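Biologist: Before I use the labels on this model, I would like to know what stands behind them. Please take me through the terms one by one.

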Amino acid sequence: MTKDEINKRIFELKDEEEIREFVKLRIAELEEIAEEKTVGQNYTDSFSDYISSKVHYKPAEKFNDAECPDLVYDDIEPYVNLIKAIKESSWYNELSLFTTIFFEVYKYLPSDDIGLGRYFTYASHKGDKVSIKDVRDNSVAFCSEKSGLSHNMFKLLGIDSEVVVGARDSEMHAYNLVYPKGYGNFPVAIYDPSHFVSFLNGDKKLSFGYYKTLTEEEYNSLKMGEPHRIDLTKTEKAYRQLYGWNGMLDDYTFDGDTPCYTFGLDAAKKMKTPTPEQTGPSKR
């Protein structure tokens, strides 16, 4: 199914039973074209395939000096909830979808772990696979689990996406590149489901999905391993236009930061947070 066909079909679904059948059908389509491969932290710089049952997705390199077990996305609930959320909004586009997916990932994969629980979840597994349901139940999702789920959500909707293994500032980090107009076309957006941007008004806070569009020059530089600092304050206008219905954000100030992203294992391992003078100003 194409993106337009999927979009049309979503708003034709009448109840939860039809939503579940649609999700199962769409996953079956993605499974049929999937190929067996090993991807993930310390295995690949990036990958674009749906994380199917054939894909050996490694959220880390090793646990207990043994190869990390495969993480399997074997629960349809987050996809069902995503379709419900889209239908409740009555419309969506790729920009609004960043926030919808952020909240659905956050709700399904809460994380209050500092690393020990995650270690035990993977190290104490039986067999060579760990279910995303175990990660959810133990509240131990890190960036690899979240970026993998958001990637699959985009793919389910027919939107091209890529899971990147790289760094955010000086820490190894997994995030997404999203291609609203298809692979090889621009704009491309850095999308980081482990982070968010907020509007503040005293003790009130409104948070939204975290993205920054890249020019072709910025994208090519990132892909070549050059660190890319983004200035999220430059997305303020886009957020206000997208979410500031009826002046809802007029009394709120934007809280953005300036993280630096790298693409690929080698670049991530060499990463030392560059200064703005080294990377130059962020462009939109």
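Modeller: Helices (H or I, at least four residues) and strands (E, at least two) are DSSP runs, numbered from the N terminus. Ser139, for one, is found in the loop between helix H6 (132-137) and helix H7 (143-156). This is a predicted model, in which local features need pLDDT of at least 70 and side-chain atom pairs count only at pLDDT 80 or more, while totals for chains, interfaces and linings use all residues. Residues are numbered from 1 along each chain as its sequence is written, and side-chain values use heavy atoms, with hydrogens and water left out.

Biologist: What makes phi of Ser139 worth a remark?

Modeller: Phi of Ser139 is near 55 degrees, a positive value in a residue other than glycine. Most residues other than glycine have a negative phi.

Biologist: Why is H1 called roughly antiparallel to H2?

Modeller: Helix H1 (residues 3-10) and helix H2 (residues 16-33) pack at an angle of about 165 degrees, and their axes are 11 Å apart. Angles under 35 degrees count as roughly parallel, over 145 as roughly antiparallel, 65 to 115 as roughly perpendicular and the rest as oblique. H1 is therefore roughly antiparallel to H2. The axes are lines fitted to C-alpha atoms, for helices over the stretch in contact, and angles run from 0 to 180 degrees between N-to-C directions.

Biologist: Which residues of H1 and H2 meet?

Modeller: Ile6, Arg9 and Ile10 of H1 meet Glu18, Phe22 and Arg26 of H2, where contact means heavy atoms within 4.5 Å. These residues divide into three nonpolar, no polar and three charged. Ala, Val, Leu, Ile, Met, Phe, Trp, Tyr, Cys and Pro count as nonpolar, Asp, Glu, Lys and Arg as charged, and the others, Gly among them, as polar.

Biologist: What is the peptide bond from Phe186 to Pro187, cis or trans?

Modeller: The bond from Phe186 to Pro187 is cis, with omega near 10 degrees. Most peptide bonds are trans. Pro187 lies in the loop between strand E9 (171-179) and strand E10 (188-201).
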